[in-house]
Amino acid sequence: MSDIMLKTEDLGISFGGLKAVQGLNLEIKKQQLYGLVGPNGAGKTTVFNMLTGVYLPTTGTFFLDGEELKGKTQEQINQKGIARTFQNIRLFNNMSVVRNVMVGLHNQPEFKCNPFVSMLRLPAHFDSEIRMREKAKEILRVFGLEEERNNLSCNLPYGKQRKLEIARALATNPKLLLLDEPAAGMNPNETKELVDIVKFIRDEFDLTILLIEHDMKFVSGLCDEITVLNFGTVLAQGETKTALNDPEVIKAYIGG
Amino acid sequence: MSILLDGLSLGAVYALIALGYTMVYGIAKMLNFAHGDVIMVGAYAIYSTLMLNTNPFIAIAVSIVVCTVTGIVIEKFAYKPLRGASPLAVLITAIGVSNLLQGIAQLIFGSTSRSFIIANFGTVKIFGSEISVGTILTLIVGAIIMVSLTLFVKKTRTGRAMLAVSEDSGAARLMGVNVDRIIMTTFAIGSALAAFASLFYIIRIPSTTPTLGAMPGIKAFTAAVIGGIGSIPGAMLGGILLGVIEQICKNNPHVEAYTTAIEFCLLIIILLVKPVGLLGKRRREKV
Amino acid sequence: MSYLGNLKKTFKLKYCVNYIGIAAFLILMIILSSTGMLSRSFINLLPKIAYSIILAVSLNLVVGFLGELSLGHAGFMCVGAYLGCYLSLFLNTYIENTFVCFLVSMLAGGVFAAIFGFIIGLPALRLKGDYLAIVTLAFGEIVRNVFKNLPMFGGAMGLKTDSIKIKSSTLYIVSFILVLAVLFLIQNLIRSKHGRAITAIRDNEIAAKAMGVNVTFYKLFVFVIAAFFAGVAGVIYGHYYTPIIYTTFDYNYSIEILVMVVIGGIGSISGSIIAAALITYINFVLQNNLSGDLAAVRLLVYAVILIVVVIFNNAPALKPIKEKINVKAFSNKIFKKKASTITDDDVAWNRIESKINMDELLSVDVKPTDNTPDKPTKEDK
């Protein structure tokens, strides 16, 4: 086994004539915190959408832990071990916090339960249901959301909603976690806390994390390596400090 | 040949009704289930005026006025309070309005069908087949209406405002378009078209019942969806397609009984192949 | 942990309100009818109430919990009624006991309807909102049209079911027991991980997919289950009323079922039960008291009630007024409860306001296989 978790080869997509992303080559090592940065419209979220199966890449392919996942559906990709959060929060708003996480646990093999078993309330149903709830509480504890587990998720403050989304993604037991602007809309304290949480879950759950972020402080405090995108092409790649000081990158951000 | 022409004229009727559905849908984003019953109102309006006055033109004019007013009143009292509410609620209200119109008609005119004749049209011979003048009239007037509607939407200020509202009503409001008035205008135009549709419909079948509008309403709605709901040329295309197919089926003794089933199967197949209808615009979901 | 222990641990009295309510109603009816206090016409009404409840609850599964609009529920009922009762008539030539025939054909009718549910569930995978609504409506009309023209089902005269008709005085007891069974199955489904997955699809399909929920399976599953129960309701109808005639199952009937669901509160099972019973009863009263052309008044009253209830419940302008007279908020104030906090999430589970967004309904799913949109997208920001 190599120590590469995610590998993309010449990954690209075009919408009509517009090349949204092209020639993306990433190699993310296991347990690495990898950043994907770039100005608005650079194609960062599109990369996430390709990696999670929302879009089919027009060129290239990608491998998770050596297994090619291109062309699989979103559900399959999730089961193979890629989970994500969304830039504009997508929680199940009419469900309580704990149930949101339990949806994330839905596909875990240890909680398998036939619908008809549930409809007839056979013992297996209770068994999986109770264990699921315990597990969900455990995950929520990590994020400090255990106290609010019975609130409706739409009633949570913004920062906690972001955390809940990460918790829910974590519940699917991923190998690779994609975080789409996790610190957006958080105050400095929350951001600091989030940095600790991200580091903690990486160690605790043995995760590889790829994140999109605008907050340069956040990125440089967290990521080992980054890739800078602009207009769908790679501007710079490598260690965080070096890549951020690349003249091309500075030009793209400050405008030259 | 006569089947085809007959189908085209039935198609024109469907297209006129479908235009009402499609315009209201495009602009107010709601299914006006009561639209079919506006046709029924129009038919009774013609019937009542013919009872008093024998001039069919006055009857037609009265019918147009009555339908337009009905459309505006429905919009004002049933749909306007629900603007911004869940579409399901609006749909249910529309169904309620449909029942209400049918109930009122039944209360006034009774549930038995009333037969009457607007005018006696003869038949003419075209390419060796007998064709009723009514059919040809329907075709010509229908075509004129559709062309002028297209021009209206494309060329006039109000028409462009309509397009703007259908794209993004919020943005249109910010640009100074009076959205409420545009929606009302749309209902008025749609209902006026329904009046014409009712005229042509009773030229084909010269009698009226309180449930007259139900079936053509559903068929026209189907036509609107086939063409791509929200699209004006789509409604015309869908209507004419459906009309022609209906006439062809009806004149074939093997499948005659299954006409309705065939038409609706066509709808399902088209939607499965093109989920937004023939000329509909697809919208993408943002992830 | 033992089964009973688990049962005890997850047991809550409010889960059983519906069962207790239905059972109490049934017992009350049995007592009243044995003392002869119920009129015959009222007893005649009871099976109708029972199958209306089954229809409304099963439709609520589709509309309230899966969040898809279906206007063809009567179509499934039609399939169940025709095919189930045809089988029942056939069995009746061998087995004397109509009751046995009823139970067997009920399962069969349900299965037949479920097959159609599967077929109509397929477009549901591609279509959304109004488009799906029109397809389900079309399905109902197709079914009606086909049964009307099949001579083996009596054609336009309808399928005569006199020989298997069960007396209302016994049928209503069986039907209400069936209602209990249906409620048991559907509520259990909703209060399980599968129910959670279904509601997740409604709340946010994209997120549900990203969480690995098998959207295809659950959509089909819900349509199949709902159709199965509608088919069961159809078989009850066939043993209650003769002849089974295609005109009964027109789209107006589908809409009537939808009205029950909407008036009862989308996503509320108890609401569906109460609304189904009330609407059926109101219809019965109006029908009995108004005949001939006055039947139009029934239509009018019904329509006005519908419009007023929906506008009152949904009009944005009326919200402040409603909040003033909101009993729940009032009691929250008295007991100093925070409005946003619910002590137990299962309360919210029972009653979920559906916020179906038109834009979300309209958007066509982006399939992984197709990435050639009409225009360059502004997907990222």
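Two residues count as being in contact if their C-beta atoms, placed from the backbone, lie within 7 Å. This is a predicted model, in which local features need pLDDT of at least 70, side-chain atom pairs count only at pLDDT 80 or more, and totals for chains, interfaces and linings use all residues. Residues are numbered from 1 along each chain as its sequence is written, while chains are lettered from A and ligands numbered from 1 in the order in which they are written.

Chain C comes up with 17 helices and zero strands; helices (H or I, at least four residues) and strands (E, at least two) are DSSP runs, numbered from the N terminus. Of the 381 residues in chain C, 50% are buried, that is, 20 or more other C-beta atoms lie within 10 Å of their own, again with C-beta atoms placed from the backbone. Taking contacts in chain C between residues at least 6 apart in sequence, 81% link residues at least 24 apart.

One helix pair in chain C is worth a look. The axes of H3(C) (residues 40-66) and H7(C) (residues 168-190) come within 7 Å and cross at roughly 15 degrees; axes are lines fitted to C-alpha atoms, for helices over the stretch in contact, and angles run from 0 to 180 degrees between N-to-C directions. That makes H3(C) roughly parallel to H7(C), a label for angles under 35 degrees. On the H3(C) side the contact includes Ile43(C), Ala50(C), Ile54(C) and Phe65(C), and on the H7(C) side it includes Leu171(C), Phe176(C), Val182(C) and Ile190(C). The residues of this contact split into 19 nonpolar, five polar and no charged, with Ala, Val, Leu, Ile, Met, Phe, Trp, Tyr, Cys and Pro taken as nonpolar, Asp, Glu, Lys and Arg as charged, and the others, Gly among them, as polar.

Over in chain A, there is an open sheet of four strands, in the order E2-E1-E4-E5 with antiparallel pairing; strands pair if DSSP finds at least two bridges between them. Its edge strands, each pairing on one side only, are E2(A) (18-29) and E5(A) (67-68). E1(A) (residues 4-15) and E2(A) pair over eight bridges, and Leu11(A) has Leu24(A) in E2(A) as its bridge partner. Helix H1(A) (residues 44-51) packs on the sheet, touching E1, E2 and E4 (59-64) of chain A, and its direction makes about 70 degrees with that of E2(A).

Chain A also holds a hairpin of E9(A) and E10(A), with two residues between the strands. Six bridges join the antiparallel E9(A) (residues 225-230) and E10(A) (residues 233-239), and Leu229(A) sits opposite Val234(A) in E10(A). In this hairpin, Phe231(A) takes a positive phi near 50 degrees.

Methods: Angles under 35 degrees count as roughly parallel, over 145 as roughly antiparallel, 65 to 115 as roughly perpendicular and the rest as oblique. A residue is buried if 20 or more other C-beta atoms lie within 10 Å of its own, exposed if 12 or fewer, and partly exposed in between; C-beta atoms are placed from the backbone.
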